[in-house]
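Please read the following briefing alongside the sequence and the coordinates.

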Amino acid sequence: MRKRVTFRDDVRALRYVVELLNTKDPIYRETREELLKLTTMWMATKRSGQELLNQLWEGNAHARRLASQIQGDWKALLIPSDTPPSHASFPIRVTLNGGFDIGITPSPRSQQHQASRKEIARFHFLTLLAHPQSEMLGGPCAWKPCSRYYIMRTRRQTVYCSRKCANKGSAADATRRMLDKARQGKLARANKALAMWAEDSTAVSWKVFVSSREIDITPSFLTRAANQGELRPPRTRHERRKGGRTK
Ligand SMILES: [Zn+2]
């Protein structure tokens, strides 16, 4: 008989993970941080649970313990096939012969004590890891002030959670490009003035010289540009004479 692996009420389970990743409620802060850490690690392996485990097993003791928890924190139960689906108790069900399912559920080993925040976070992470639609988790949104996680509507959805954020994000990109262009223009003019200063025998410093010629260029702009290596002013009078005409 054909075995069927099903994940009941899938969207709800995934949505809950997304909600937790986005929550700002201080009650969930620790759980959220742990879930975020695990999710980020997993996403960095291009969502390959296998790659994630390989990396953890090659890591330090802490990483290896985490790998063993990810692999070991599962519980399987035999349940009658007509038991109604419940995403909370059995996110994965395998239908067997004879009217039975095996329900599989993430189960951090917390029977002996109240589940810790880390264990709760791991429960949700394992749900995500095993979720058949886990590749539809998107985020964090590329519009920085939003940075929310979201469920992609299509596999080709961009880096933004919504059209609203995409509009804001591309407007911000355009502004950044405009500012970049303006800055490049300023730097070009500063360099030109700098060359003139090198040719000149004036006693004033290059910053005063350049900023007096270019009305929108301040000495502090020049200092920053020089510190960031975008401008290369001669370091000494000697260098200046060498670079320019000697009188
Ligand atoms: Zn967004």
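Residues 24 or more positions apart make up 48% of the chain's contacts with a separation of 6 or more, a contact being two residues whose C-beta atoms, placed from the backbone, lie within 7 Å. This is a predicted model, in which local features need pLDDT of at least 70 and side-chain atom pairs count only at pLDDT 80 or more, while totals for chains, interfaces and linings use all residues. Residues are numbered from 1 along each chain as its sequence is written.

**Overall make-up**
- The chain holds 9 helices and 6 strands, where helices (H or I, at least four residues) and strands (E, at least two) are DSSP runs numbered from the N terminus.
- Of its 247 residues, 21% count as buried, a label that requires 20 or more other C-beta atoms within 10 Å of a residue's own, with 12 or fewer making it exposed, values in between making it partly exposed, and C-beta atoms placed from the backbone.

**Helices H2 and H5**
- Helix H2 (residues 29–44) packs against H5 at an angle of about 35° with the axes 8 Å apart; axes are lines fitted to C-alpha atoms, for helices over the stretch in contact, and angles run from 0 to 180 degrees between N-to-C directions.
- The residues of H2 that meet H5 include Leu35, Leu38 and Trp42, and those on the H5 side include Ala121, Phe125 and Leu128.
- The residues of this contact between H2 and H5 divide into 8 nonpolar, 3 polar and 4 charged, with Ala, Val, Leu, Ile, Met, Phe, Trp, Tyr, Cys and Pro taken as nonpolar, Asp, Glu, Lys and Arg as charged, and the others, Gly among them, as polar.
- The end C-alpha atoms of H5 (residues 117–130) are 20 Å apart, which agrees with the 20 Å that its 14 residues should span at 1.5 Å a residue, the expected span being 1.5 Å times one less than the number of residues.
- Among the buried residues of H5 are Ala121, Phe123, Phe125 and Leu128.

**Nonpolar cores**
- In the largest nonpolar core, which has 25 residues, Val17, Val18, Leu35, Phe125 and Cys141 touch the most other members; such a core is a set of buried Ala, Val, Leu, Ile, Met, Phe, Trp, Tyr and Cys residues joined through C-beta atoms within 7 Å.
- The elements giving two or more residues to this core are helix H1 (10–22), H2, helix H3 (49–57), helix H4 (61–72) and H5, and H1 gives the most, with 6 residues.
- A second, separate core of 6 residues includes Ala190, Trp197, Val210 and Leu222.

**Helix H6**
- Helix H6 (residues 163–199) has 37 residues and reaches 54 Å from its first C-alpha to its last, close to the 54 Å expected at 1.5 Å a residue.
- The buried residues of H6 are Cys165, Gly169, Ala190, Leu194 and Trp197, and what covers them includes helix H7 (206–213) and helix H8 (219–227).

**Backbone geometry in the loops**
- The peptide bond from Gly139 to Pro140 is cis, with omega near -5°, and Pro140 lies in the loop between strand S5 (137–138) and strand S6 (150–151).
- Ser147, also found in the loop between S5 and S6, has a positive phi near 55° and counts as partly exposed because it has 13 C-beta neighbours inside 10 Å.
- Arg47, in the loop between H2 and H3, has a positive phi near 60°.
- Most residues other than glycine have a negative phi, and most peptide bonds are trans.
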